[in-house]
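Here is a brisk report on strand pairing, helix packing, salt bridges and backbone angles. The sequence and structure come first.

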Amino acid sequence: MITTAEIQPVFENVLERKAYEKIRREAFDYIARGAGIEATMKENLQVFSKWKIRPRVLRNVTKIDLSCTVFNEKLSSPILFAPIGVQRIAHPEGELASARAAKAVNIPFVVSSASSFSMEEITNELGDGSRWFQLYCSLEDSITRSLVQRAEANGYSAIVVTVDTPILGIRETDAHNQYSPLEEGEGCGNYLTDPAFCALLEHSPEEDMEAALQKQIDIIDQPGLDWNELKKVREMTNLPILLKGILHPEDAKLALEHNIDGIIVSNHGGRQLDQCMASLDALPDIKQIVQDRIPILLDSGIRTGGDVFKALALGADAVLLGRPLIYGLAISGEEGVKQVVQKILHELEISMALAGVRTISEINSDFLFKG
């Protein structure tokens, strides 16, 4: 019987194919493939084609303004770098190269808990660039607290709590390849430099790296995380807290009741629950619940400027870019990431002009038609 893991890749686009040619197969599979039979991952892409842009004309689009505001911070565009860990598997400079690219194109960078380099090292590359920190709530509260405190001390302006990974989804390709970047030490930058984490080790990482890496794997996720546990994070910081992984409107209601500051509508890029709804399909119902009380961002499936336009029209205040950035990183490091972002920004600007839209705030569902 042939499993999903043994099927040769059918490349989504030229960018993906070029990345495949640059990095080892196991690393590419980890980045590009999804959970189960990859139905969720495919649906994330296909759902965008169901919506068509319905343009207005004679609107004077001489000047297009891509700027928007999230948490009272004016952003140059409605795009952020999604939190993606283990970036060193794509390029030796990993998040350091991505951070330099983010600074160069003036895009906020969301640093992953499982980054290859520490948040302090990434901060050095970002300089005064906007940055958020993505948090996996650990089995050990002391580590969660320490990570949050370090983020505050390093100028991170929001905490993104990922809530859709109480356990890992079924990733057949990684199992087939017997591949785990965490086991190889590619996602330990924030843990091996954390005093609370190191205090749990019998021996220092230098003395027993294998045990340290296994400890990270053992405690990185919190299967018991619930709304009551989440209160602990709220007590740890005054920074805005966003929940990444919300798809159900009832969870959006609960987020409001628990004074959460923002929502990221996401199915983890199809890497967790297979046969799950697309993030874009979940967006309108969540927007109806939230209205404009807190920011809503969308993650999973964004590939073009047209996709960004559609997400904004359906209720997102901003979007996060994921896989395309890592493909750019794999192809040519910092420059590759910059080129990917610049291309998508250009596509968004052209889409807005041809749709008859001058500002991000003008984009709404009137500009869409479901075909």
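## Strands β8 and β9

Strand β8 (residues 241–246) runs parallel to β9, and 4 bridges join the two. Two strands pair if DSSP finds at least two bridges between them. I246 has V265 in β9 as its bridge partner. Helices (H or I, at least four residues) and strands (E, at least two) are DSSP runs, numbered from the N terminus.

In a regular strand the side chains alternate between the two faces of the sheet. In β9 (residues 262–265), G262 and I264 point one way, while I263 and V265 point the other way. All of them are buried. Buried means under 20% relative accessible area, exposed over 50%, and partly exposed in between (1.4 Å probe, protein chains only).

## Basis of the values

This is a predicted model: local features need pLDDT of at least 70, side-chain atom pairs count only at pLDDT 80 or more, and totals for chains, interfaces and linings use all residues. Residues are numbered from 1 along each chain as its sequence is written, and side-chain values use heavy atoms, with hydrogens and water left out.

## Helix packing

Two packed helices are described by the angle between their axes and the distance between the axes. Here axes are lines fitted to C-alpha atoms, for helices over the stretch in contact, and angles run from 0 to 180 degrees between N-to-C directions. Angles under 35 degrees count as roughly parallel, over 145 as roughly antiparallel, 65 to 115 as roughly perpendicular and the rest as oblique.

The axes of α1 (residues 14–22) and α2 come within 8 Å and cross at roughly 150°. So α1 is roughly antiparallel to α2. E16, A19 and Y20 of α1 meet R25, F28 and A32 of α2; contact means heavy atoms within 4.5 Å. By class, this contact has 4 nonpolar, no polar and 2 charged residues. Ala, Val, Leu, Ile, Met, Phe, Trp, Tyr, Cys and Pro count as nonpolar, Asp, Glu, Lys and Arg as charged, and the others, Gly among them, as polar.

Helix α2 (residues 25–32) also packs with α14: their axes come within 10 Å and cross at roughly 160°. That makes α2 roughly antiparallel to α14. F28, I31 and A32 in α2 meet R323, I326 and Y327 in α14. This contact has 5 nonpolar, no polar and 1 charged residues.

## Salt bridges

The count is 19 salt bridges. Each is a side-chain nitrogen of Lys or Arg within 4 Å of a carboxyl oxygen of Asp or Glu. E186 pairs with R88, with the closest N and O atoms 2.7 Å apart. This pair links distant parts of the chain, 98 residues apart. E186 counts as buried because its relative accessibility is 17%. R88, at 28%, counts as partly exposed.

R100 pairs with E125, with the closest N and O atoms 3.3 Å apart. R100 lies in α4 and E125 in α5 (residues 119–126), so the pair ties together parts 25 residues apart in sequence. E93, R100, E125 and E334 are linked in a network of salt bridges. E347 and K343 meet at 2.4 Å, N to O. They are 4 residues apart in α14 (residues 323–355), about one helical turn.

## Positive phi

Most residues other than glycine have a negative phi. N106 has a positive phi near 60°. N106 sits in the loop between α4 and β5 (109–111), and is exposed at 53% relative accessible area.

Q291 has a positive phi of about 55°. Q291 lies in the loop between α12 (279–290) and β10 (296–299). Q291 is partly exposed, at 42%.
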